[in-house]
Amino acid sequence: MEELRARNVLRSANNPTGDLAEYLFCAAFGWDQENNSAKSFDATGADGSRYQIKGRRIHRRNGSRQLSAIRDPDGFDILAAVLFDDEFRILRAALIPASVVRDHSKFIEHTNSHKFLLRDA
């Protein structure tokens, strides 16, 4: 983990899944990564589009495709999401308009956030 931090792949000491997702999307598309404290979005594209980036590791003991909490579905333009397997190989990645995320997510009052599952559809 320290080696990945030294190479600027990881930015925090948290679970590496989210940091890896951010790194891969920004490297692949040339997006500018926001500061960790930025609210509602993680990166900005050359055209000004705001990207919320989420990653989920599908484990043999937990096949859930639920992404981490989405606090403000109006705070970004596009959700960039990736599913990894046990060994962090990419299983599925998608760019999803925020309107689709809003239409297919469920508000959870207890966490004051929206729940979104990255399904193949």
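Rings of Phe, Tyr and Trp (for Trp, the six-membered ring) are taken as a pair if their centres lie within 6.5 Å, and planes under 30 degrees apart count as stacked, over 60 as edge-to-face and the rest as tilted. The model examined here is predicted: local features need pLDDT of at least 70, side-chain atom pairs count only at pLDDT 80 or more, and totals for chains, interfaces and linings use all residues. Residues are numbered from 1 along each chain as its sequence is written, and side-chain values use heavy atoms, with hydrogens and water left out.

A search of the whole structure finds five aromatic pairs. Phe-25 and Phe-29 are stacked, because their ring centres are 6.3 Å apart and their planes lie at 15 degrees. These two residues are four apart in helix H2, so about one helical turn separates them; helices (H or I, at least four residues) and strands (E, at least two) are DSSP runs, numbered from the N terminus. With a relative accessible area of 46%, Phe-29 is partly exposed, as the classes are buried under 20%, exposed over 50% and partly exposed in between (1.4 Å probe, protein chains only). Phe-29 also stacks with Trp-31, at 5.0 Å centre to centre and 15 degrees between the planes. Phe-25 is buried at 8%, and Trp-31 is likewise buried at 8%. Together with Tyr-51, the residues Phe-25, Phe-29 and Trp-31 form one aromatic cluster.

Helix H2 (residues 16-29) also holds Asp-19, which counts as buried because its relative accessibility is 9%. Leaving aside residues up to four places away in sequence, Asp-19 touches Val-9, Leu-10, Arg-11 and Ser-12, where contact means heavy atoms within 4.5 Å.

Phe-88 has a positive phi of about 65 degrees and is found in the loop between E4 and E5; its relative accessible area of 30% makes Phe-88 partly exposed. For Asn-112, phi is positive and near 50 degrees. Asn-112 is placed in the loop between strand E6 (106-108) and strand E7 (113-115), and at 53% relative accessibility it counts as exposed.

Finally, a word on confidence. The protein chain has a mean pLDDT (the predictor's confidence in each residue, from 0 to 100) of 91, and 98% of its residues reach 70 or more. Confidence is lowest in helix H1 (residues 2-6), with a mean of 81, and highest in strand E4 (residues 78-84), at 97.
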